[in-house]
Amino acid sequence: MSDFLMKPKVDFAFKETTTDEMTRIGFLSAILKLAPNEIKETRLLNTNLRKLHENEKQGILDVRILMNNLTEIDIEIQLAELRQQ
């Protein structure tokens, strides 16, 4: 029997895995090409984006992270199907 639950590219799975701080640090260090020890702390932020006008569409990010140097990082997973030639 396999322990496979869900692909991490699925929004729900990605959000769930990033609730763990060590996972966030590993992901960010890989994406930003930083050593993991260069990221001391991360904090999850509210993912709902503020609407500036009443008729705007509500925006919800996959993950928002606050770094220890007060840099905010917005992460959104976008997938595209690859065409086989």
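1. The largest nonpolar core has nine residues: Phe14, Ile25, Leu28, Ile39, Val63, Ile65, Met67, Ile73 and Ile75. A nonpolar core here is a set of buried Ala, Val, Leu, Ile, Met, Phe, Trp, Tyr and Cys residues joined through side-chain atoms within 4.5 Å; buried means under 20% relative accessible area with a 1.4 Å probe, protein chains only. Two or more residues each come from α2, β4 (63-67) and β5 (72-75), and β4 gives the most, with three.

2. The model is predicted: local features need pLDDT of at least 70, side-chain atom pairs count only at pLDDT 80 or more, and totals for chains, interfaces and linings use all residues. Numbering starts from 1 along each chain as its sequence is written, and side-chain values use heavy atoms, with hydrogens and water left out.

3. Two helices and five strands make up the pattern α-α-β-β-β-β-β. Helices (H or I, at least four residues) and strands (E, at least two) are DSSP runs, numbered from the N terminus. Of the 85 residues, 21% are buried.

4. Isoleucine 75, one of the core residues, touches Phe14, Phe27, Leu28, Leu61, Asp62, Val63 and Ile65, leaving out residues up to four places away in sequence. Contact means heavy atoms within 4.5 Å.

5. Arginine 24 lies in helix α2 (residues 21-32).

Definitions and conventions
Buried means under 20% relative accessible area, exposed over 50%, partly exposed in between (1.4 Å probe, protein chains only).
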